[in-house]
Amino acid sequence: MSSFVGVVVSDQWLQSQFTQVELRSLKSKFVSVKSQNGKVTVEDLPPLMMKLKAFSTLLTEDEIRQILGESYTDMSTEIDFETFLRVYLNMQGQSTGKLGGSKHSSSFLKASTTTLLHTISESEKATYVTHINIYLADDPFLKEFLPLDPATNDIFNLAKDGVLLCKLINVAVPGTIDERAINTKRVLNPWERNENHTLCLNSAKAIGCTVVNIGTQDLVEGRPHLVLGLISQIIKIQLLADLNLKKTPQLVELVEDSNADVEELMGLAPEKVLLKWMNFHLNKAGYEKIVANFSSDVKDAKAYTYLLNVLAPEYCNPLTLDTKDPIERAKLVLDHAERMGCKRYLSPKDIVEGSPNLNLAFVAQIFHERNGLSTDSKKISFAERETDDVQISREERCFRLWINSLGIESYVNNVFEDVRTGWILLEVLDKVSPGSVNWKHASKPPIKFPFRKVENCNQVVKIGKQLKFSVVNLGGNDIVQGNKKLIVAFLWQLMRFNILQLLKSLRSRSRGKEITDADILNWANLKVKISGRTTQIESFKDKSLSSGLFFLELLSAVEPRVVNWNLVTKGESDDEKRLNATYIISVARKLGCSIFLLPEDIMEVNQKMILTLTASIMYWCLQQAADEGEAALSPSNGNGSISYTSDASPAPSISGGEDERSSLCGEMSSLTVDDAASDITVSSSQCENEDTEIATV
């Protein structure tokens with residue numbers, strides 16, 4: 001079994017300009033050109049650059065050729081990968097200057113994923129170190145390393161083995177990671193360290209972090225701006241966790257007693273809810289201004305003075321408002337907050353300088369200590385009625401996290417509210433089925449006229465029909481009106497389509513055939529059978545799946561070392577099933593699967609989520625086979641190691657000869673599937689040919 005080695009560049013400065021995700025993507029494209037032509041020349045670069053998102057929408061091929069001509073007189077000059085990277089950075093700089101203008105500049109910065117200057121805030125680092133020292137002080141593994149010194153780089157060094165980040169995720173959203181799956185030996189080998197970071201990144205996605213441009217090698221290297229950025233997101237999620245009606249139904253006091261107002265509140269981002277809460281109390285306190293941000297609007301500390309005086313008048317210092325020096329006023333505010341129980345994370349200077357992250361954290365902490373909201377049982381019961389559908393709420397969470405993981409421009413805070421303009425659904429459709437959206441007939445929010453929203457949603461339904469979704473009872477107006485059942489049904493088909501397309505792109509010898517739910521089921525059963533185990537399932541509704549044993553056997557089949565069978569229970573009682581389910585999810589993420597289901601989905605055998613879990617494991621397995629083949633063709637990275645295009649190491653090959661595999665295929669059933677979103681039905685028939693399932697092993 002080969003261990004993972006990142007894409008290594010001899011020039012350290014050059015390597016520092018890219019994340020491992022970017023390097024692997026660029027390396028893959030560079031190698032593909034070299035494989036076709038035997039070498040890469042300057043002449044090959046214009047069409048290659050046009051395939052890169054950073055340039056495709058900004059420059060024409062002729063413009064790229066013209067820029068290259070300024071540096072190279074001979075277009076037949078051969079270049080290596082490092083030269084290609086330098087050309088890439090040079091092209092970025094020149095194209096930005098060439099295009100100019102705010103519109104182009106913004107577009108360019110969004111298209112490019114490389115940041116040429118990486119800086120970190122020492123104040124933020126100190127704050128996050130303090131947070132870690134407080135919340136992880138009693139952790140059995142980390143307590144010998146804590147407290148960290150905020151004046152040093154200890155936080156980045158400790159983050160290199162992945163344990164700290166995994167533990168921090170569990171502080172933010174308890175139970176996200178089954179800690180039995182974390183490798184906590186004192187000395188970790190590269191494979192174990194990579195597993196921890198893979199588990200960390202997939203779990204971070206599962207709680208709502210954006211990790212599009214971060215790879216495990218970036219964390220192994222302890223790259224400060226990326227580590228601090230991830231820690232910042234995790235802590236923010238922890239601090240804002242209670243700012244929703246489900247966790248804090250008292251928030252309904254912020255709005256009128258109407259469905260429309262409550263729905264609007266449910267659709268707000270947590271930080272917007274925090275601002276709304278702050279302004280609610282400031283209004284009661286007689287503060288005349290509206291606080292619209294956690295930066296310039298709070299720099300003078302006056303808003304904080306009013307807020308704390310109305311929430312905790314017993315600790316009020318009458319001198320605070322009379323103080324003319326903002327630094328001194330900020331100091332008095334922090335003294336006030338500390339007396340009411342808030343831990344001192346930020347400094348008076350951080351308030352006055354308007355650090356948005358630290359000020360948001362400060363206000364969130366005040367909310368946790370004393371939110372000052374009513375306990376009116378009538379209003380609270382009204383809020384609870386709006387959030388009482390557990391199944392719908394769980395599916396909303398899954399689809400929200402999945403959409404946000406796609407890397408689209410918009411960010412989803414509440415699926416049922418945010419999709420009502422149709423714009424986000426169009427973005428998702430364009431992502432999973434490129435070219436399907438006619439953007440000339442789409443309107444981007446904010447949308448003033450209701451009919452424009454209907455137009456967007458009608459196009460969504462039209463594309464759904466083209467993709468052969470079941471949309472019999474769905475109209476554009478149903479999405480605009482926020483029909484939860486129909487929106488969930490459409491999103492499920494969209495997510496399933498995305499999964500099946502990914503599998504189709506990797507599956508060898510597919511000959512253009514569509515991948516079906518039956519193929520996934522057959523693959524899973526065959527994989528387990530070849531591994532020497534006897535457990536088989538009849539469908540994704542098979543009640544035996546609730547024990548978790550089948551998935552543990554499947555995970556062990558695709559990577560034997562990933563499951564520790566000493567930690568597995570018999571899965572007989574509900575407690576044993578939950579232990580297995582939480583372990584399955586963490587092991588799958590540790591392997592490299594991007595999944596968003598909850599343990600309850602396995603325990604209750606939610607067929608939709610069961611299908612996504614199985615498909616994710618299948619996708620990972622096929623991807624390893626594809627990466628292993630590509631790595632065999634890739635040149636050495638200079639030190640004798642192969643640079644893989646995946647963060648996980650290749651899956652081991654399956655033992656057993658062709659005769660054995662043929663006989664196994666002959667014994668298996670092929671399945672037909674009803675594509676309707678509401679149900680997945682399975683029936684048996686004979687296997688058509690040997691290639692059907694052997695190709696997926």
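Because the model is predicted, local features need pLDDT of at least 70 and side-chain atom pairs count only at pLDDT 80 or more, while totals for chains, interfaces and linings use all residues.

**H29 and H30**

I looked up helix H29 (residues 549-558) against helix H30 (residues 574-591) and found an angle of about 25° with the axes 10 Å apart, the helices being DSSP runs of H or I with at least four residues, numbered from the N terminus. The axes are lines fitted to C-alpha atoms over the stretch in contact, and angles run from 0 to 180 degrees between N-to-C directions. H29 and H30 are therefore roughly parallel, the term for angles under 35 degrees. In the contact (heavy atoms within 4.5 Å), I listed Leu549, Phe551, Leu552, Leu555 and Val558 of H29 as meeting Asn580, Tyr583, Ile584, Val587, Ala588 and Leu591 of H30.

**H22 and H27**

I then took helix H22 (residues 390-405) with helix H27 (residues 484-506), which pack at an angle of about 40° with axes 11 Å apart. That makes H22 oblique to H27. From H22, Ile392, Glu395, Cys398, Phe399, Trp402 and Ile403 meet Lys484, Val488, Leu491, Trp492, Leu494, Met495 and Asn498 of H27. By class I recorded ten nonpolar, one polar and two charged residues here.

Notes: Residues numbered from 1 in each chain as written. Heavy atoms only, no water. Helix = DSSP H or I, 4+ residues; strand = E, 2+ residues; numbered from the N terminus. Parallel < 35°, antiparallel > 145°, perpendicular 65-115°, else oblique. Nonpolar A, V, L, I, M, F, W, Y, C, P; charged D, E, K, R; others polar.
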